[in-house]
Structures are given as structure tokens and as C-alpha cells.
Amino acid sequence: MLQFQPPGFGQKVINTSLGFMVYYTQTAVPWTMSKSQDLPTLLFLHNFGGGASAYEWSKVYPAFAATHHIFAPDLIGWGESAHPVRDYQVKDYLTILAEFIRQTCPTPVTAIASSLTAALTIRLAIAQPFLFKALYLVCPSGFDDFGQGAGRRLPMQIVNTPLLDRLIYILGAENELAVRNFLQSFLFANPQRVSQEMVQAYLASAQQPNARFAALAFLRGDLYFDLSLYIQQLTIPTVVFWGQEAQFTNIKLGERLVKLNPTAIQGFHAIPDAGILPHLEVPEIAIGLLQKYL
């Protein structure tokens with residue numbers, strides 16, 4: 001949603017095998033006074049969940065726009081990108097992530113990603129390590145790590161019932177009250193940090209035509225996997241950040257995961273008084289931590 005982007009950032013589009021993909025990058029002064037294409041690349045990848053989009057990182061990437069070429073896509077099924085009617089699977093997102101990087105980013109790329117998308121990025125970095133220079137990941141989780149389903153909140157028979165699944169999405173993601181409650185109760189540690197702009201940005205994404213299909217695939221668990229079975233194979237230098245109050249995927253899970261690969265994972269930082277999206281809840285802290293490495 002372009003109206004929620006920071007000044008100086010505009011919208012561009014590429015075509016992928018699953019449809020068009022919108023992304024945000026520097027398009028106006030002051031950033032275009034220098035040749036952004038000659039700068040190191042930073043790729044920001046948002047989390048999944050009702051109303052998710054590139055907006056999630058929009059309070060962070062302007063801090064790096066003078067020194068890096070920024071790419072922040074809405075993933076397929078989210079934001080203003082295409083919303084094909086399909087049963088979304090893990091392989092779909094591994095495919096379009098690879099396609100996006102190849103089409104837009106000089107490789108190898110530095111990727112910054114959160115939650116399930118961070119876990120998918122790890123899998124892609126294992127399969128195609130030549131695409132990546134470094135990974136900075138917030139609360140990476142496959143949501144079925146160590147065989148423990150972390151994200152399922154509704155019985156499968158309810159989520160899979162025709163018409164009822166549509167009603168669940170309408171009540172849970174397509175109205176302002178539900179969106180605000182979702183952000184305050186599940187994503188943030190401090191509900192007072194949820195702004196009206198955040199609510200409107202999530203609502204605008206959730207109300208896109210056919211947005212429910214990707215969201216319900218996530219809610220059903222179709223996109224879950226056990227990250228602990230993959231993370232030991234990671235060779236790309238990686239730093240992990242974790243909101244200390246993150247729900248569903250608590251910090252003990254993060255500590256357990258990073259211990260599986262102390263060679264590739266070169267840092268682990270707990271962020272106090274923050275939930276699963278510290279980069280949206282306390283962006284100044286996320287910026288400071290990233291600046292330490294970038």
C-alpha cells in the first residue's frame with residue numbers, strides 16, 4: 001500500500017510464475033540524488049498473518065536508504081501483490097523468493113526477514129546459497145519446530161469448512177476492531193504502541209481481493225515445517241534477533257534453534273519488552289541493532 005510508505009519510496013512491479021509482485025524502493029529525492037543501484041542491496045521480507053505486507057518494515061528501512069539499495073516486496077498473496085486462488089504451499093514461497101531475488105537484486109544479497117518468512121529464507125539459503133551474502137532474522141520459526149505446532153489456534157475442521165472459513169477471515173481480519181486486537185494482543189508486547197496508521201495498513205492489506213487464501217493457508221498450518229531439521233545445514237553468516245515477549249514462538253525456542261548451528265549463526269540478541277515484530281513495535285532498537293552489523 002503505497003499510501004503507507006515513507007517519503008521517497010515508491011512502488012514497482014515484477015512478474016513471477018505465480019503472478020505480479022509489488023515491491024517498494026527508493027524512487028524520489030533525496031535518495032535518487034545518488035545512484036541507488038550502485039549501493040549494497042538490502043532485502044526486507046515481511047511476516048505472514050492476516051494483513052501482513054511490506055509495511056511491517058517501513059519504520060526501519062528508511063534509516064538505510066542513503067547507504068543501501070532497498071527492496072521491500074509484498075509477497076504473493078499479501079499486500080498489493082497478486083492473490084492467486086490456490087492452496088499455498090512452502091514450495092510456492094521458496095520459488096517466488098528466488099525469482100524475486102534473481103529479477104531485482106544484484107546477488108549475493110543481504111536479507112532481513114521475520115518469523116515464518118525468515119525460516120523460509122533459511123531454507124532458500126541452504127538450497128541456493130549463492131543468492132545470499134548475510135541473513136538478519138527476527139524470530140525465525142517454521143511454526144512446527146521440534147514437532148510442536150506453535151501457531152494453530154483453531155481446529156482444522158473449522159478452518160477447512162467452506163463458507164465458515166470465509167466468515168472466520170471476515171471476523172478476524174477484515175474489520176478494524178479485529179485488526180487492532182490482533183496487533184495489540186498477539187503481535188506487540190505493549191498494546192499502547194499500536195497506532196491508527198498500523199491498524200489501517202494491516203486492514204488495507206487484509207481487505208485486498210482474495211487475500212484470505214494465503215492467510216487461511218497460514219492459519220491451517222499448510223505452510224508450517226520443522227526448522228530444526230534444516231537449520232544445521234545453513235552456511236550463510238546469520239544473526240538472529242528475538243522479541244523477549246514474542247507469543248507462539250517464545251524466546252526459549254529461539255535459543256534452542258540457534259544452538260543447533262553456532263558456526264553460521266554468529267549472534268543472538270534478545271529485545272526486551274517487544275513481541276514477535278520488534279522492528280514495527282520498537283523500530284529504533286531494530287535499527288540500532290542492524291546498524292551494529294551493517
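Biologist: What share of the 294 residues of the chain counts as buried?

Modeller: Here 58% count as buried, where buried means under 20% relative accessible area with a 1.4 Å probe, protein chains only. Keep in mind that this is a predicted model, in which local features need pLDDT of at least 70, side-chain atom pairs count only at pLDDT 80 or more, and totals for chains, interfaces and linings use all residues. Residues are numbered from 1 along each chain as its sequence is written, and side-chain values use heavy atoms, with hydrogens and water left out.

Biologist: How many helices and strands does the chain have?

Modeller: Those are DSSP runs, numbered from the N terminus: helices are H or I with at least four residues, strands are E with at least two. This chain has 10 helices and 8 strands.

Biologist: Which strands pair with β5?

Modeller: Two strands pair if DSSP finds at least two bridges between them. Strand β3 (residues 41-45) runs parallel to β5, joined by 4 bridges, and L45 has A113 as its bridge partner. Strand β6 (residues 132-138) is also parallel to β5, over 6 bridges, with F132 opposite V109.

Biologist: Which way does the chain cross from β5 to β6, and through which helix?

Modeller: Point the strands away from you: a path running clockwise from the first strand over the helix to the second is right-handed. Here the path goes through helix α2 (residues 115-127), and this β-α-β crossover is right-handed.

Notes
Buried means under 20% relative accessible area, exposed over 50%, partly exposed in between (1.4 Å probe, protein chains only).
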